[in-house]
Amino acid sequence: MNWTIIADSLPLYAQGARLTVLLTVSALAIGFGLSLGLALLRNSPNPWIRLPIASYTLVFRGTPLLVQLFLIYFGLAQFGLLRQSILWPWLSSPLFCVLLTFVLNTTAYTTEIFAGGLRHLPPGEIEAARAYGMSPWTIARRILIPAMLSRSLTLYGNETIMMMHATSLASTVTLLEITGVARNITLTSYILFEPYVTAAAIYLCLTFILVGAFHMAERRWVDARG
Amino acid sequence: MLAAYAMTVLGAGLVTLQLAAGALALAVLFGLAGALCKLSSSVVLRTLAGIYTSVVRGIPDLVLMLLVFYSLPTLVNEVLTAAGISYYFELDPFIAGTVTLALIFGAYMTETFRGALVAIPKGQVEAARAYGLGPMRTFTGILLPQMARLALPGFTNNWLVLLKATALASLIGLQDVMLTAKGAAEATGQPFTFYLLAGGFYLALTLSSVLFLAWLGRRLDLGTRELSR
């Protein structure tokens, strides 16, 4: 066993953990905003609005994240037109591609979670809101979104953990988050056991923190409703 | 030439399917054992099962796969060397992939099966005991058939996630759809085409699984709707 190498690389792991948290938080934050709107539209009576969103979530939930990441990071280079466009500096950056993939992926899952939370809302609540003269915007803000969020808190908690774990795939396109750091240490120090065990321990801690936070949120916002 | 590469990629679908099926079979066994441990009266078994599910579900799939493929053999070899045994232990990517996915989805299946078992009314087990049925017959005759029906939605979900997670085995060198697509992408200079093909393969699998399991669910639910409502 060679734990001194690990002790010496703790600053690297700290940097890796920072990138992991940064990727998780930014993907989730952007995905959350997009999903709020998409979830409301996902239940729209108009098929021209509902079906494109349904197909988007179907495709992104039906394929592995790794395929999506490789399609965007390696795949887009196939198109010369794109390579010469002003978007290319962005699309050739691993950080941007990773974030784009994660946002597209988590938005698909979160949209379905939120839309599912809305489907069990008693129609009477919306009718009552309408009878009080609330505009569609006010209904969304006061009735639909709070109901949607409190009903889907548990599932959304799982999604945040899944997303945090999914950031480990960023290591496959050269990013040095926790898994990437561990992989680098195995390559430079020729030890295969300690780096991955350390990475696993860090993920475990992060997971427990997230689980604890969502338990607290549930007690605060879901159980309190009675 | 493109068509030949496409056929190779789809041909590797067999490896992906074998990996998924093998991991699923093992995961169901792990899940049944885990669920029974979680519901057992022994504190030791309950604690062990609790540690298993929370540790496995707290670590990313990719990291677990790297742990099983790289770290585990290293550990075993160090122990072997220390014990003075000259044997070099190595894991094949297929075995490592199967074991890792089975470990991960065994933990998810544990939760699914536990939830389903808890949903079966206690009186049924008591009635079975009153009729003189042993624990084994109570499980296979009373609990298992109902558990299968109740666990189906969770099972479906786990299977879909498992199917997609098989792609990770390409990262430890298993020649599955994903790694073959990578090879074809590099050989032809058309990465988008081949990763799209791989994506289509997974999508076709997940969609047909959803349809099949929905049909199965309707069959298993036959005759139960009216009773339970």
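Q: What does buried area mean when two chains are put together?
A: Buried area is the accessible area that two parts lose on being put together, summed over both. The size of an interface is often given in just this way, as the accessible area lost when the parts come together. The quantity asked for is therefore the accessible area lost by the two parts.

Q: How much area is buried between chain A and chain B in this predicted model?
A: The model is predicted, and its two chains meet in a contact that takes 34 residues from chain A and 34 residues from chain B. Carbon and sulfur atoms give 78% of the area buried there. The area itself is about 3,000 Å².

Q: What secondary structure does chain A have, and how many helices?
A: Read from the N terminus, the elements of chain A run α-α-α-α-α-α-α-α-α-α-α-α. There are zero strands among them. The number of helices is twelve.

Q: What percentage of the residues of chain A count as buried?
A: Chain A has 226 residues, and its C-alpha atoms fill a box of roughly 70 × 50 × 25 Å along the principal axes. The chain exposes about 11,500 Å², with carbon and sulfur atoms supplying 70% of that surface. A residue counts as buried when its relative accessible area is under 20%. In chain A the share of such residues is 48%.

Q: What percentage of the residues of chain B count as buried?
A: The C-alpha trace of chain B spans about 70 × 55 × 25 Å along its principal axes. Its accessible surface comes to about 11,500 Å², of which 69% belongs to carbon and sulfur atoms. Of its 229 residues, the buried share is 44%.

Q: What share of the contacts in chain A join residues at least 24 apart?
A: The contacts considered here are those between residues at least 6 apart in sequence. For chain B, residues 24 or more positions apart account for 78% of the contacts with a separation of 6 or more. For chain A, the share is 79%.

Q: Is A:Trp3 buried, partly exposed or exposed?
A: A:Trp3 lies in helix H1, residues 3-8 of chain A. Leaving aside residues up to four places away in sequence, A:Trp3 touches A:Phe193, A:Glu194, A:Val197 and A:Thr198. Its relative accessibility is 40%, so A:Trp3 counts as partly exposed.

Q: Where in chain A is A:Tyr190, a residue with a positive phi although it is not a glycine?
A: Most residues other than glycine have a negative phi. A:Tyr190 has a phi of about 55°, and at 73% relative accessibility it counts as exposed. Its place is in the loop between H11 and helix H12 (194-221).

Q: Where in chain A is A:Thr174?
A: A:Thr174 is not a glycine either, yet its phi is positive, about 75°. With a relative accessible area of 58%, A:Thr174 is exposed. Its place is in the loop between helix H10 (153-166) and helix H11 (178-189).

Q: How far apart are the end C-alpha atoms of residues 20-41 of chain A?
A: An unreviewed UniProt entry lists residues 20-41 of chain A under "transmembrane region", along with 53-74, 86-104 and 196-217. Over residues 20-41 the chain is 100% helix and 0% strand. The end C-alpha atoms of that span are apart by 31 Å.

Conventions
Residues numbered from 1 in each chain as written. Chains lettered and ligands numbered in written order. Predicted model: local features only at pLDDT ≥ 70, side-chain atom pairs only at ≥ 80, totals over all residues. Heavy atoms only, no water. Helix = DSSP H or I, 4+ residues; strand = E, 2+ residues; numbered from the N terminus. Buried < 20%, exposed > 50% of the residue type's maximum accessible area, 1.4 Å probe, protein only. Contact = heavy atoms within 4.5 Å. Areas by Shrake-Rupley, 256 points an atom, 1.4 Å probe, with all protein chains shown as cover. Buried area = accessible area lost by both parts, 1.4 Å probe. UniProt positions renumbered as here; feature names shortened; annotations may be inferred.
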